[in-house]
Structures are given as C-alpha cells and as structure tokens.
Amino acid sequence: MLKRVLVGLIRSQEHTGDKAKDPKLKSHYYRLSKDRAFEEVASVLKKMQGYKVLHEVPNIGELVLEKRTMAGRTMDITVQIVGTGFGNSAVDIYSASRGSLGDLGANYRVIQEIYGVLDKKLSNYKN
C-alpha cells in the first residue's frame, strides 16, 4: 500500500491489462458473452455509490464513469469489456485523475474497488 502512495506522488493514472506486473491489475475474466457481460457490468456500475455513468457504448463494450473524491478532484474511469472467445469476456479498467498532481494511489484503489464489486456480483461467472 505504501508503494502505491509513493508511486501516486508522481502518477495520476492507472490501468489494467494482461501484461500488468501487479497481479491486482491483471484483466478479470468472466464466462459471459460480451453483450451479456456488458449488461451485467453496466447494471452493477450504475448501482455503485459515488460513481456516475456518463456514457455507454454497448457495441464496442465501453462505459465511461466519473467519481468525485472528498478532496474535490474528479476521476475519469473507462471500463472496457472485450469478448475473448465463445461465451467469455475480459474486463479492463483505466482510471485517471484530473489535474497535474499525483493521486496518492487513489486510481489504484478505485480499480480494486470496482473489481471487488464486479467479482462479488458476478462470482458465478468468474474464470
């Protein structure tokens, strides 16, 4: 956790992917088709406290959200759902804070929070 705060002194964005060095930032996979995964993820994200869904693009599997911190900063979050094969999907998240200063690890924590909620709600489909 301290490492994330120190990295966050200079960096104000974080993202997930298959090649992430940190295992907590690896893509999450679900046994759902891309369209079904999009519906499920969108439903979960719309119910999350403190997050506002700004834009949905179902045909490319993208959701754009906004979160305001207690310090008054705004975080822009993009959730991407990609079909990885028949009946399987991957979910990746990109989170960035507006402004020039670092985020003190806030984007990392937001990604962990979103993945935690998705994994809990979609536990029956987790790969």
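**View 1. S12 in the loop between α1 and β1.** S12 sits in the loop that links α1 (2-7) to β1 (13-15). Helices (H or I, at least four residues) and strands (E, at least two) are DSSP runs, numbered from the N terminus. The model is predicted: local features need pLDDT of at least 70, side-chain atom pairs count only at pLDDT 80 or more, and totals for chains, interfaces and linings use all residues. Residues are numbered from 1 along each chain as its sequence is written, and side-chain values use heavy atoms, with hydrogens and water left out. S12 counts as buried, at 18% relative accessibility. Buried means under 20% relative accessible area, exposed over 50%, and partly exposed in between (1.4 Å probe, protein chains only). Leaving aside residues up to four places away in sequence, S12 touches S95, A96, S97, G99, L101, G102, D103 and N107. Contact means heavy atoms within 4.5 Å.

**View 2. The largest nonpolar core.** This core holds 28 residues. V41, L63, V79 and I114 touch the most other members. At least two core residues come from each of α2 (34-47), β4 (62-68), β5 (74-85), β6 (88-97) and α3 (106-121). α3 gives the most, with 7 residues. A nonpolar core is a set of buried Ala, Val, Leu, Ile, Met, Phe, Trp, Tyr and Cys residues joined through side-chain atoms within 4.5 Å. In soluble globular proteins, nonpolar side chains tend to be buried together.

**View 3. Contacts of V41.** V41 touches L63, V79, I81, V91, L118 and L122. Residues up to four places away in sequence are not counted here.

**View 4. A71 in the loop between β4 and β5.** A71 lies in the loop joining β4 and β5. A71 is exposed, with a relative accessible area of 74%. A71 and A37 are 34 residues apart along the chain, and their C-alpha atoms are separated by 33 Å.

**View 5. The whole protein chain.** The protein chain has 3 helices and 6 strands. From the N terminus on, the elements run α-β-β-α-β-β-β-β-α. The radius of gyration is 14 Å, close to the 14 Å that the globule rule gives for 127 residues, so the protein chain is as compact as a globular protein of that length. That radius is taken over C-alpha atoms; the globule rule is 2.2 Å times the number of residues to the power 0.38. The C-alpha atoms fill a box of roughly 40 × 30 × 25 Å, taken along the principal axes. Buried residues make up 40% of the 127 residues.
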